[in-house]
Amino acid sequence: MPQKDALLTKTDPGIPAAVSITGAEAVIRCLVAEQVETIFGYPGGAIMPIYDALFHYMDQVKHILTRHEQGAIHAAQGYARVAGKPGVVFATSGPGATNLVTGLGDAMIDSTPLVCITGQVASQLLGTDAFQETDVMNITIPVTKWNVQITRSEDIPDALSKAFFIARSGRPGPVLVDITKDAQFGKLDFQFRPCTHLRTYRPIPVLDLKEVEAAVALIDAAQKPFILAGQGILISGATDALIAFAEKGGIPVSSTLLGLSGFPTDHPLYGGYLGMHGNYGPNKNINQCDLVIAVGMRFDDRVTGDVSKYARQAKVIHIDIDRAEINKNIQADVAVLADAREALMALSSRIRAASHESWMERFRQLRKEEYDKIVVKDWFPAAGEIKMGEVIHQLSGLTGGNAILVTDVGQHQMVAARYFGFREPRTNITSGGLGTMGFALPASMGAALVPGNKPVIAIIGDGGFQMTLQELGTIFQYQIPVKIIVLNNNFLGMVRQWQQLFFESRYSFTEMVNPDFVQLVGAYHIPAVEVTDRDNLLPALTEMLHHEGPYFVEVKVEKEENVFPMVPSGAGVSDMILEFNK
């Protein structure tokens with residue numbers, strides 16, 4: 001039996017005494033030292049020694065056996081995004097490791113901290129095309145913040161300590177540690193030393209007060225300033241700092257897709273959701289403002305549209321922790337390279353108190369125009385089939401925004417972003433940059449395993465649901481209390497919308513013939529109901545929220561419903577269309 005108490009025996013302050021153990025056990029001890037509570041994974045031959053070591057630590061670390069490695073890494077992403085710390089994944093070599101690649105790419109572009117540990121064939125077999133061998137290092141270089149292959153057991157503690165530090169520091173991201181089987185079996189004198197710095201790595205830039213003062217001068221002079229809030233607000237824990245800054249300056253705030261929940265949507269200064277299917281006000285006003293204050297966002301193409309038509313009249317202040325994002329897509333007049341919270345606090349203490357009521361009124365007017373032309377029809381349809389918007393509107397009302405919403409990718413994702421009332425940080429979990437269908441179901445499992453008292457609700461389309469629905473087995477096995485809503489229109493809805501608008505309604509391979517979802521979910525012993533009549537919608541959602549365990553609701557929605565407003569591909573954001581003119 002492992003000598004767990006050796007972890008607590010000190011030879012020097014802060015450094016545990018050395019103890020001779022296997023590399024596999026060293027992996028688990030490193031995770032315990034890093035205060036890892038939950039691991040998501042799938043065992044196999046090359047990682048079997050690590051799983052054997054984990055058997056003796058099940059009272060300290062929980063392991064969730066998913067039904068696929070992609071499910072494991074998406075679950076770890078959901079966990080990381082809610083918990084604000086690295087999610088941990090185990091996978092074996094070959095296909096086990098390659099099945100993580102989609103999740104790594106998703107985590108990389110969305111700045112999600114992950115530590116992925118993969119088993120590998122024995123070091124003497126590397127490069128021989130051994131059974132289940134693949135070059136995971138070269139495969140994952142483009143989709144990891146850092147990766148490393150370990151062939152000696154004594155290198156494991158420092159590599160894992162470094163991995164956690166890199167994953168969570170600065171702009172977070174995924175790391176991968178590949179460990180050969182002989183390194184797992186080998187012995188080492190184990191000591192764990194937390195990594196707190198690396199000689200060539202500076203994750204948090206030093207705030208330049210000259211840049212802060214230059215930004216203050218632009219803010220104090222502006223008549224129509226506009227804050228664009230990205231996920232950096234959530235990563236840095238800057239919600240309170242952003243609210244204080246916006247309130248002192250009287251500045252409207254709009255959120256990117258990943259920035260949603262970083263600023264309360266019911267705040268008087270909230271201007272709406274940015275982007276291709278965002279709110280009318282912020283997308284029109286970006287070309288009316290005289291100052292853009294971008295915080296923790298990267299000017300993604302779904303936010304800017306045609307960059308040659310984007311905020312050409314405005315000065316730009318760009319606050320970001322990652323130097324690579326500065327001037328990458330939009331040129332900044334003032335670049336503040338810093339942690340978002342630190343930068344906002346410095347600005348708040350220096351700017352003049354101001355009010356821009358007439359400018360804010362412009363947002364309210366455009367919001368009313370959007371409400372009258374679009375929102376009222378989505379929330380309160382007079383007749384016909386159930387609309388996606390009324391489902392999200394009723395759900396938002398029932399929860400009061402006190403829920404974690406995990407969305408997949410497609411029309412339902414945009415509707416949820418538009419109509420759910422996000423009021424608290426880290427309550428919007430979605431695949432943004434990569435747009436990974438199949439993300440929501442496993443990500444919602446991870447989100448629900450973070451201790452807390454908020455319900456976790458997965459909003460999924462019928463297409464994305466069928467990409468990872470095998471994770472219903474994981475939900476059933478561990479009784480993970482996820483509430484699942486599938487909005488079923490029997491189409492790949494977003495692609496169909498584009499086909500209708502831009503390809504003369506040629507619906508080329510986007511219509512789906514689906515199984516009986518209620519029976520399928522019922523096979524996993526999860527309560528499931530189908531809603532086809534809007535009179536049954538509110539009771540079904542209410543029952544779902546009151547149920548203690550997992551619960552599934554399928555809502556048959558309007559088959560050819562479109563999501564508006566919309567910025568057509570290649571257009572500027574001010575060229576939003578509010579309806580489809582046939």
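Which residue is the bridge partner of Ser 255 in strand 13? Select Tyr 273: that is the partner of Ser 255.

A quick word before you click on. The model is predicted, so to speak of local features takes a pLDDT of at least 70 and side-chain atom pairs count only at pLDDT 80 or more, while totals for chains, interfaces and linings use all residues. Residues are numbered from 1 along each chain as its sequence is written, and side-chain values use heavy atoms, with hydrogens and water left out.

**Stop one: Ser 255**

Keep Ser 255 selected; it lies in strand 12. Strands (E, at least two residues) and helices (H or I, at least four) are DSSP runs, numbered from the N terminus. Ser 255 counts as buried because its relative accessibility is 0%; buried means under 20% relative accessible area, with a 1.4 Å probe and protein chains only. Now show what touches Ser 255, with contact meaning heavy atoms within 4.5 Å. Leaving aside neighbours within four places in sequence, its contacts include Ala 229, Phe 263 and Tyr 273.

Two strands pair if DSSP finds at least two bridges between them. Zoom out to an open, parallel sheet of 6 strands, in the order 13-12-11-14-15-16. At its edges are strand 13 (270-273) and strand 16 (334-337), each pairing on one side only.

Next, colour helix 9 (residues 209-221), which lies across strands 14, 15 and 16 and runs at about 135 degrees to strand 16. Such angles run from 0 to 180 degrees between N-to-C directions, with axes fitted to C-alpha atoms, for helices over the stretch in contact. Helix 14 (residues 340-348) packs on the sheet as well, touching strands 14, 15 and 16.

Which residues are closest to the centre of the second largest pocket? Pick Thr 265, Asn 279, Arg 367, Trp 379 and Arg 418. A pocket is an open set of points on a 1 Å grid over the protein atoms alone, where a 1.4 Å probe fits, with protein on both sides within 12 Å along at least five of seven lines; lining residues have an atom within 4 Å of a point. Finish on helix 15 (357-379), which gives the most to the lining, with 6 residues.

Notes. Buried < 20%, exposed > 50% of the residue type's maximum accessible area, 1.4 Å probe, protein only.
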